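Student: Could we work through one of the pockets here and then turn to the strands and how they are arranged?

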Amino acid sequence: MTNSQPPASRQLILVTGPARSGKSEWAETLAAGSGKQVIYVATGRVDETDLEWVRRLEQHQNRRPVDWTTLEVPIELSAVVRAGKPSDCLLIDSLGTWTANLLEKEAAVWANAQHELLASLKSAVADVILVGEETGWGVVPAYPAGRVFRDRLGTLVRQIGAIADNVYLVTGGYALDLSVLGTPLPPAAKN
């Protein structure tokens, strides 16, 4: 086996769905059942002036078992994935926040960060569970930054879904395994 090929026992899982659907709880359930050391990779930045955001972060923290390690990684996800060991389960929550952290970066910087993340996921030796928000189920955002965010996140979630072992859609109180129920689309054409 070469270094570019992950071991067969490694799992790459994408959990996606709308806001407040239970994505994080489902991802946490999968991580807890992995039998591995869980490393919770939080992409959100703590802003003490945003009390509602602080409460959201506290809700996530209070649900996690005390023996889980937490890393705050707003940008360098690919480095964390590459550092993962076969005995680790990395739970990355969330791709939407990570995308927002890079939103003001120019297209070339975003493309490189996205490429690095995908490459690290393809060669990961740790289990990796990613939480990714579904965007674009409503109206087209009226402002440019909203459209850039929607397009970047939507493309990233689709690309990760194409390489994931399992893809779950969490909505209406149910987690649906799309990798069992669905048919994968052909690879997206390069623009």
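Student: What volume does the second largest pocket have?
Tutor: This is a predicted model, and the value is computed from its atoms. For the second largest pocket, the volume comes to about 720 Å³. The lining comprises 29 residues, and those closest to the pocket centre are Ser-24, Arg-56, His-60, Asp-93 and Glu-133.

Student: Which element gives the most to the lining of the second largest pocket?
Tutor: By class, this lining holds seven nonpolar, 12 polar and 10 charged residues. At least two lining residues each are supplied by α1 (23–32), β2 (37–42), α2 (51–63), β3 (69–72), α4 (95–101) and β5 (127–133). With seven residues, the element that gives the most is α2.

Student: Which strands stand at the edges of the open sheet of seven strands?
Tutor: The pairing in this open sheet is mixed, and its seven strands follow the order β3-β2-β4-β5-β1-β6-β7. Each edge strand has a single partner strand, so one side of it is left without a neighbour in the sheet, and the strands in this position are β3 and β7 (174–177).

Student: In which sense do β6 and β7 pair?
Tutor: Strands of a sheet pair through backbone hydrogen bonds, either parallel or antiparallel. Thr-171 stands opposite Tyr-174 in β7. Over four bridges, β6 (residues 166–171) and β7 pair in a sense that is antiparallel.

Student: What angle does the direction of α6 make with that of β1?
Tutor: Helix α6 (residues 144–163) packs on the sheet, where it touches β1 (12–17), β5 and β6. Its direction and that of β1 make an angle of about 140°.

Technical notes. Residues numbered from 1 in each chain as written. Predicted model: local features only at pLDDT ≥ 70, side-chain atom pairs only at ≥ 80, totals over all residues. Heavy atoms only, no water. 1 Å grid on protein atoms, 1.4 Å probe; cavity = no way out; pocket = protein on both sides within 12 Å on 5 of 7 lines; lining within 4 Å. Points joined across faces, edges and corners; volume = space filled by probe spheres on them. Nonpolar A, V, L, I, M, F, W, Y, C, P; charged D, E, K, R; others polar. Pairing = 2+ DSSP bridges. Contact = heavy atoms within 4.5 Å. Axes fitted to C-alpha atoms, helices over the stretch in contact; angles between N-to-C directions.
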